[in-house]
Amino acid sequence: MSRRSSGEGTAGAVLGAAARILIYGAVLAFLVWGVRAGYRFGEEIFYPAAMSGEPGRTVEFTVEEDDNASRIADELKEEGLIQNRLIFLIQSRLFEIEFLPGTYELSTAMNSREILGVLSGDVQEMEEEET
């Protein structure tokens with residue numbers, strides 16, 4: 001009997017160790033995936049890319065008096081001016097953007113931060129200060 005229980009104990013220990021290794025590997029893989037996804041998400045927020053290169057496609061875009069960030073994000077996505085609606089919404093809150101009603105000329109060569117600047121009037125203020 002001692003041989004049998006010793007063999008079963010060894011097999012159980014090997015299986016237990018293998019299971020722990022698999023679990024640790026899965027946790028590590030999940031952590032690596034999460035870190036990469038988080039990095040890409042943060043990069044999109046702080047270093048957004050334009051939808052196309054220069055010269056891009058020009059789009060006339062109107063912000064109404066009662067428009068909110070969500071509706072504006074939906075419209076920009078429909079027009080092909082932004083890639084990710086959620087990123088745009090986060091940027092508008094993070095940078096405390098107040099949208100000004102009006103009609104604007106936007107381009108697919110502009111990134112979402114530049115679009116936010118135009119729609120909030122910040123870009124015009126910066127251009128006026130430079131001249």
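**Labels and their cut-offs**

Author: Let's start with Phe 99: its relative accessibility is 17%, so it counts as buried, a label that means under 20% relative accessible area, with exposed over 50% and partly exposed in between (1.4 Å probe, protein chains only). One bit of housekeeping: this is a predicted model, where local features need pLDDT of at least 70, side-chain atom pairs count only at pLDDT 80 or more, and totals for chains, interfaces and linings use all residues. Residues are numbered from 1 along each chain as its sequence is written, and side-chain values use heavy atoms, with hydrogens and water left out.

Reader: What makes Phe 88 and Phe 99 a stacked pair?

Author: In general, a pair of aromatic rings is described by the distance of the centres and the angle of the planes. Rings of Phe, Tyr and Trp (its six-membered ring) pair if their centres lie within 6.5 Å; planes under 30 degrees apart count as stacked, over 60 as edge-to-face and the rest as tilted. The structure holds three aromatic pairs. For Phe 88 and Phe 99 the centres are 6.3 Å apart and the planes sit at 25°, so this pair is stacked. It links distant parts of the chain, with Phe 88 in helix α3 and Phe 99 in the loop between α3 and β2, eleven residues apart. Helices (H or I, at least four residues) and strands (E, at least two) are DSSP runs, numbered from the N terminus.

Reader: Why does Phe 88 count as buried?

Author: Its relative accessibility is 0%, so Phe 88 is buried.

Reader: How do you know that the buried residues of α2 line one face of the helix?

Author: First the residues: Ala 69, Ile 72, Ala 73 and Leu 76 are the buried ones in α2. Seen down the axis of α2, they fall within an arc of 100°, so they line one face; the arc is that of the directions from the helix axis to the C-beta atoms. These residues pack against β1, α3, β2 and α4. After α2 comes Gly 80, whose phi is positive, near 80°.

Reader: Why is α4 called largely enclosed?

Author: Seven of its nine residues are buried, so the rest of the structure largely encloses α4. Among them are Ile 115, Leu 116, Val 118 and Leu 119. Ile 115 touches Leu 76, Leu 81, Ile 82, Phe 88, Leu 106 and Met 110, not counting residues up to four places away in sequence; contact means heavy atoms within 4.5 Å. α4 is followed by Gly 121, whose phi is positive, near 85°.

Reader: Why does Asp 67 count as buried, and what does its side chain reach?

Author: Asp 67 has 16% relative accessibility, so it counts as buried. Asp 67 lies in the loop between β1 and α2, and its side chain reaches the backbone nitrogen of Glu 64 at 2.7 Å. A polar contact of 2.3 Å also joins the side chains of Asp 67 and Arg 71. The term covers a pair of N or O atoms within 3.5 Å; within protein, one must be able to donate a hydrogen and the other to accept it, and residues adjacent in sequence count only if both atoms are side-chain atoms.

Reader: How many helices and strands are there in the protein chain?

Author: The protein chain has five helices and two strands, in the pattern α-β-α-α-β-α-α along the sequence. Buried residues make up 26% of its 131 residues.
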